[in-house]
Amino acid sequence: MLTISAFARLAGLTPSALRFYDDCGVLTPARVDETTGYRYYREDQVERAVRLRELRAAGLPLAQVTTVLDGPSSEARAVLEAHRRRLREDFRAASAAVGRLLPGPVRVAGLDLASAVRQVAPAAGAPLDFVLIEADGDEVRVVATDRYRLALRVLQPVHGGTGRFVVSAGELAALGPRLARQDEVTLDGTTLPLLDQDFPDYRAVLDALPVPAQRVVVDRVALRDALPADRPAELVLGPDRLAVGGTVLPAVCGDELRIGFDPAVLGAALESGVGPDVLLEFAGPLQVARVRSADQGSFTTLVMPVALGTAGPGSPTAAPPAGR
């Protein structure tokens, strides 16, 4: 048995916190001495205490902690995902408030903006042939979608502030070389050819993404080159390998999965990446997949899978990641 002080050190909690959690019935000692009132804990209770500490550090209300610790895994996941959405909404509201208080326009490094445009603009497509540049004080997001893929690059501003700018994808791409030559670019109507267009609610899409069940790291160019040109690309994952048609690529992955993609859509996502490797995240064979540059975590493309044996994104399973 461990004394409350020894247990507190192992769990990263204070003795007073342990007494409070005992009173709340969340973490009960293994034994309480009837004479002295001293609390004693078993070593196998440390894991629960650590999880409790992490949940409280994440700001989860105590009333919901027991659901995560003791309830069914499906309920625990639902509680955590709902809490994450609340945290994101609170952060956005706070960031927007701070951004409105910062004097001056939003400014970003020209080379960073040009790089983001190069990566994101190819994901735009009719009728959504424009790019959103959105600033909330802490970061600037460059977003484009053609309803079957969604590309997002996050930049750190040189000077914060808030703003929402919709720009023609073609005109913005043409500005790329000029943007790259500028140390800083001010985001406003004098530097960007702004459009009066509504942009899909991409935040709702990101918030609704399921937790990935499988992550794969593979050679980005090798995967791109292995994609077929005339039929859906069938990716078959296994331990430390990814097979595409007759090509088997070494990969860092675990569980098995079979999933199909339109090769043009997946190939474009791979082409926009940076570095030799790509990180693929899958939630299931019919769930939207994330394609991330392993060397640039701020760039992500969402790609819808297709039902294997179909012609491409027009299939029933290729539902758009974002709508109007």
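Me: What does the chain contain in the way of helices and strands?

Reply: Ten helices and 17 strands. Keep in mind that this is a predicted model.

Me: Which share of the contacts with a separation of 6 or more comes from residues 24 or more positions apart?

Reply: That share is 62%.

Me: Now the rings. How many aromatic pairs does a search of the whole structure find?

Reply: Four. One of them joins Phe7 and Tyr41.

Me: What makes the Phe7 and Tyr41 pair stacked?

Reply: Start with the centres: they are 4.3 Å apart, and pairing asks for centres within 6.5 Å. Then the planes: the angle between them is 10°, and planes under 30 degrees apart count as stacked. So the pair passes both steps and is called stacked.

Me: Why say that this pair ties parts of the chain together?

Reply: Because Phe7 sits in helix α1 (residues 4-11) and Tyr41 in strand β3 (residues 39-41), parts that are 34 residues apart in sequence.

Me: How do you know whether Phe7 and Tyr41 are buried or exposed?

Reply: Buried means under 20% relative accessible area. Phe7 has 0%, and Tyr41 also comes out at 0%, so both count as buried.

Me: Why is the pair of Phe130 and Phe199 called edge-to-face?

Reply: Their ring centres are 6.1 Å apart, which falls within the 6.5 Å limit for a pair. Their planes are at 65°, and over 60 degrees counts as edge-to-face. Hence the name.

Me: Where do Phe130 and Phe199 lie in the chain?

Reply: Phe130 is in strand β5, and Phe199 is in the loop between β9 (184-186) and α8 (202-207). The two are 69 residues apart, so this pair links distant parts of the chain. Both Phe130 and Phe199 are buried.

Me: Strand β5 again: what makes Asp136 buried?

Reply: Asp136 lies in that strand, residues 130-136. Its relative accessibility is 5%, and the cut-off for buried is under 20%, so Asp136 counts as buried.

Me: What does the side chain of Asp136 make a polar contact with?

Reply: With the side chain of Arg141, at 3.3 Å.

Notes
Residues numbered from 1 in each chain as written. Predicted model: local features only at pLDDT ≥ 70, side-chain atom pairs only at ≥ 80, totals over all residues. Heavy atoms only, no water. Helix = DSSP H or I, 4+ residues; strand = E, 2+ residues; numbered from the N terminus. Buried < 20%, exposed > 50% of the residue type's maximum accessible area, 1.4 Å probe, protein only. Polar contact = N/O pair within 3.5 Å; in protein donor to acceptor, adjacent residues only side chain to side chain. Contact = heavy atoms within 4.5 Å. Phe/Tyr/Trp six-rings, centres within 6.5 Å; stacked < 30°, edge-to-face > 60°.
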